[in-house]
Amino acid sequence: MNHGISEFGHVLLYLAGGAIFIGLIALLNKLLAPNHPNPEKLTTYECGEDPVGNANVQFNIRFYVVGLIFLIFDVEILFLFPWATIFADVKIIQNVPLWGVFALAEMSIFVVILLLGLLYVWVKGDLEWIKPEALEPERINPVPDSLYEEINRKYTYQSTVKKTQAGVTP
Amino acid sequence: MNFNPGDIVNFSVMVAPILFLLAVGLMLMLMDVLKAHSSMPLIAGLGLIGAGVLAVLPEKISSMQAFYGMIEVGNIAPLNIVFLCLSGVFTIFFLPDYLKRQDKPIYEVYTLLIFAIIGMIMMANASDLLITFIGLETFSIALYVFAALFKKEETSNEAGLKYFLLGAFASAFLLLGISLLYGLTGYTNLNDIAANASKLTDNPALFFTSIGLFIIGFLFKVSAFPFHNWTPDVYSGTPTPLAGFMATGSKMAAFIALGTVLIKLNFTQYDKLVNVLALAAILSMIYGNVVAVRQKNLKRLLAYSSIAHTGYVLLGLCAGKAGFVAVIFYMFIYTIMNIGAFGLVGIAERTLADTDMDKWKGLGIKAPYFAAAMSLFLFSMAGIPPFAGFMSKYQVFIAAIGSGQILLAVIGILTSVIAAFYYIYLIVIMYFGKNESPEVSPRFDWTTGLGVGLLAVLILLLGIFPSLVLQPLLQYMSGSISAVAAAF
């Protein structure tokens, strides 16, 4: 592995490469992306809550439910990474027969248990994002709806007739 | 690399009860989803019994610890599993009826109960401090949900929030204690820490800080005196049978875990630690019993009495290794009578509209079986022979006297006289109170009837033959498992 570059040289190369890559992407973004700033876009991101006003407001509980469900899969990834690094380890495979089968079975059990959890929250309806329904204010009006419809029909008809008489196509 | 897949298979066999319970829990989750609700209590109960049987099945144990010294499987561990599973079984007798009476079809309870018991088993049988902590958190989270189970009710919400905030606070203490112990010795494994005990005393200030924080965390969980404030509010807001479970199963697990750690560290050689525990014991006994006298609400009364009982168990814990059997025995007996008492309060709660003590006037005539069962549990809690409560108190006091804690034992006996007052006062109310309430009286259905009958028989049986539990405890403790296997 001797290319005439020291270990710190590798780090430097990574740093330089990373900086160039990020610079390129940022430049590309500037060139390609549409630019329509508006005040909504410039606000601080607060998980969809309005960031202005008293911080002591009631948050929507659904954020927490989604957060909790996310956590399960975060943990899953957390366990999969170290497992993946030793799954194909040549040294272990040589020393321990059945390593592959064993490791795969072990991780399968773990993933299946988590999958069961996902199934559970899915069937229980915790994945649904219930949209709040707009409540129509109740009006108390002694005039029946049919009267309004009558008037509407009458005047709509007349105006159409007038327009046709004036030579305007409806 | 000396890893061997065969090891893991062996270890899995050693912790078979835990894995079995896990499978039962997952199955209950699926049943909940598939709407097979009616048989959930039965499956949960059978699962717990099955796990208990798996734990004591006579088999050769090749090593005392599974998973490279993480979980204890030898010594007293199998009996811990049996006791904790039984506390769950007793609770399940009262749960379906209670939820039906409250018109709250919440079936997650059974799944959570199983998972809580897994956490308790892990904590009680941990031989690594990190497993202790993980087990504690596992069952604590289930208990927080239990407290806030009736999410539309204000008292339940209050209970859940209070328990959660204070519980999280106590967990932080515990974790800091564990991390300081790790800092002192470089190990989290209990046996390694015990082997390097000299490192602990190199820095006495830090040692006492760490073990003190550790004890504080557990004193909160068992609601001992300076950390008891949450108890009455939480118990009165929690669904009643689950409050009974909270007061027994979780406390039993916490006492076993605390006792195991302290005994491994050989704590009786440090007078300061014994004095701290003794002080907590004295104050819990006095405070719990004296305040309980003034209570008018049954659930609050039982909560204060549970603080007092914590004091008695701490008294046994002060005796060190000799008192540990008494501690477990006391907690088991307390589990029987307390779940019974909470269960009966739960049955009466719906019929009599609340848990006010005055509503119980005249129940002795209107509901004779009910009142008789309640009287039996109350007499037992007061420690009157021939009920099991007497034997458990006796064991604890003998252990305390044996280790030279005469003052503690005297205070314990004096405060149990105060306790007898309020327990028997309730019996007096039931039998001699003027009957003012309308003609409704609590009734048993077949599950609760069976449960109450079983618990009552156990109280009488263990009061007369305490060796039925004490003998196996002593045998497992001394490590002669084969002798016990023959006895089974």
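**Entry 1: overall form of chain B**

I looked up the radius of gyration of chain B in this predicted model and found 22 Å. A compact globule of 488 residues would have a value near 23 Å, so chain B agrees with that expectation. I then noted the span of the C-alpha trace along its principal axes, which is about 75 × 55 × 45 Å. Buried residues account for 55% of the 488 residues in chain B. I also looked up the contacts in chain B between residues at least 6 apart in sequence, and 78% of them join residues at least 24 apart.

**Entry 2: a pair of helices in chain B**

I next examined helix H3 (residues 40-56) and helix H5 (residues 108-124) of chain B, whose axes lie 10 Å apart at an angle of about 15°. Because of this angle, I describe H3(B) as roughly parallel to H5(B). Their crossing is right-handed. On the H3(B) side, I listed B:Met40, B:Pro41, B:Ala44, B:Gly47 and B:Leu48 as the residues that make the contact. H5(B) contributes B:Tyr110, B:Leu113, B:Ile114 and B:Ile117.

**Entry 3: the contact of chains A and B**

I turned to the contact between the chains and found that 12 residues come from chain A and seven residues from chain B. On the side of chain A that touches chain B, helix H4 (90-95) and helix H5 (99-123) of chain A are the elements that give two or more residues. H5(A) gives the most, with six residues. I recorded the classes on this side of chain A as nine nonpolar, one polar and two charged residues.

**Entry 4: backbone details in chain B**

I looked up a cis peptide bond, which joins B:Pro385 and B:Pro386 with omega about 10°. B:Pro386 belongs to the loop between helix H17 (368-382) and helix H18 (388-402) of chain B.

I also noted B:Tyr68, a residue other than glycine with a positive phi, near 55°. B:Tyr68 is in the loop between strand S1 (65-66) and strand S2 (71-72) of chain B. B:Tyr68 counts as exposed because it has 12 C-beta neighbours inside 10 Å.

B:Asp103 likewise has a positive phi, near 60°, and is a residue other than glycine. I located B:Asp103 in the loop between helix H4 (77-101) and H5 of chain B. With 7 C-beta neighbours inside 10 Å, B:Asp103 therefore counts as exposed.

Technical notes
Residues numbered from 1 in each chain as written. Chains lettered and ligands numbered in written order. Predicted model: local features only at pLDDT ≥ 70, side-chain atom pairs only at ≥ 80, totals over all residues. Rg over C-alpha atoms; globule rule 2.2 N^0.38 Å. Buried ≥ 20, exposed ≤ 12 C-beta atoms within 10 Å, placed from the backbone. Contact = placed C-beta atoms within 7 Å. Axes fitted to C-alpha atoms, helices over the stretch in contact; angles between N-to-C directions. Helix = DSSP H or I, 4+ residues; strand = E, 2+ residues; numbered from the N terminus. Parallel < 35°, antiparallel > 145°, perpendicular 65-115°, else oblique. Left-handed = near helix turned anticlockwise from the far one by under 90°. Nonpolar A, V, L, I, M, F, W, Y, C, P; charged D, E, K, R; others polar.
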